[in-house]
Structure formats: structure tokens, C-alpha cells
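Please open the model in the viewer and display it as a cartoon.

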Amino acid sequence: MKVWIPILILFLAVTGLCIWDGIYTQKVFEKLENDSEKIYETLLTTEITDPKIQNDIINLNEYWTEKMDILCISISRKDLQPISDYLQYLCSSIINESQEDAVTYSRLLNYNIVGLNQTTGINILNLV
């Protein structure tokens with residue numbers, strides 16, 4: 001009987017961590033996906049020199065920098081790196097005032113976020 005209590009506590013702790021990580025990951029990628037899609041659509045009609053779109057890009061970069069370390073608990077840094085790269089390219093396009101680069105990198109950023117969300121998210125295909 002003494003052995004079952006620590007096993008049960010360990011099981012509950014691991015299950016709780018898995019559930020928390022799944023919810024946290026889903027929440028982060030949902031925000032990233034929405035914001036990156038909004039940035040892409042805005043860049044199609046607005047110049048990169050607009051302070052509002054620049055602020056949106058910088059805020060998304062700061063959000064990603066803050067959340068990436070926690071996401072590394074369950075997702076390898078190698079899989080997260082393309083998102084970081086495209087965000088940095090997007091920030092560079094602000095400095096260079098390159099509309100074409102901004103549109104290209106915002107689309108690639110969104111594509112990578114959607115793909116990573118689908119592969120790491122909680123859905124029936126990933127459970128099979």
C-alpha cells in the first residue's frame with residue numbers, strides 16, 4: 001500500500017503537467033496565429049512605414065521571445081527556430097523599409113505557425 005501513494009502522486013503530477021502544457025501551447029499558438037494573420041493582411045494594404053503595423057510586429061516579437069522558453073519544455077528548439085527567424089526577418093524589414101520582404105516574411109511566419117500548431121496541437125489526428 002505504501003508504494004501506491006507515491007505512484008498515484010507522480011501520475012497525477014505528470015498528468016497535470018501534460019494538461020497544463022497542452023492548454024498553454026494551444027493558447028500561445030492561437031494568439032500567434034491570429035496576430036500573424038492580421039499582420040499579413042494589414043501588410044497587403046498598408047505600407048511597412050506605418051507606425052501601427054510596426055508596433056504590431058514588435059509586440060508579436062516580444063510576445064514570442066517571452067513564450068518561447070516555456071514552449072521548449074515540450075517542443076524542440078529546432079522546431080521553434082523558423083518562427084524566431086521569420087520574426088527577426090520581419091523586424092529587419094521595418095528597419096530596411098522593405099514592403100516586399102515584409103509581406104513575404106509575414107506570410108512565411110504565418111505558414112510556419114499554422115504548421116507547428118497543427119503538429120503540436122490537441123486534435124484527433126495527433127492522438128492517432
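Two residues are in contact when heavy atoms of theirs lie within 4.5 Å. In this predicted model, residues 24 or more positions apart account for 69% of the contacts with a separation of 6 or more.

Begin with the whole chain selected. Its secondary structure amounts to 5 helices and 0 strands, in the order α-α-α-α-α from the N terminus. The radius of gyration is 18 Å, well over the 14 Å given by the globule rule for 128 residues, so the chain is more spread out than a compact globule. The C-alpha trace spans about 70 × 25 × 25 Å along its principal axes. Of the 128 residues, 33% are buried.

Next, select helix H2, residues 51-71, together with helix H3, residues 77-96. How are two packed helices described? For H2 and H3, the angle is about 160° and the axes are 10 Å apart. An angle over 145 degrees counts as roughly antiparallel, and H2 and H3 are therefore roughly antiparallel to each other. The crossing of H2 with H3 is left-handed.

Now show the side chains where these helices meet. Among them are Ile57, Leu60 and Trp64 in H2, and Leu80, Ile83 and Leu87 in H3. The residues of this contact comprise 12 nonpolar, 4 polar and 2 charged.

Finally, select Ser93, which is found in H3. Is Ser93 buried or exposed? Its relative accessibility is 2%, so Ser93 counts as buried. Beyond residues up to four places away in sequence, Ser93 touches Ile48, Ser98, Asp101 and Ala102.

Key
Residues numbered from 1 in each chain as written. Predicted model: local features only at pLDDT ≥ 70, side-chain atom pairs only at ≥ 80, totals over all residues. Heavy atoms only, no water. Helix = DSSP H or I, 4+ residues; strand = E, 2+ residues; numbered from the N terminus. Buried < 20%, exposed > 50% of the residue type's maximum accessible area, 1.4 Å probe, protein only. Axes fitted to C-alpha atoms, helices over the stretch in contact; angles between N-to-C directions. Parallel < 35°, antiparallel > 145°, perpendicular 65-115°, else oblique. Left-handed = near helix turned anticlockwise from the far one by under 90°. Nonpolar A, V, L, I, M, F, W, Y, C, P; charged D, E, K, R; others polar. Rg over C-alpha atoms; globule rule 2.2 N^0.38 Å.
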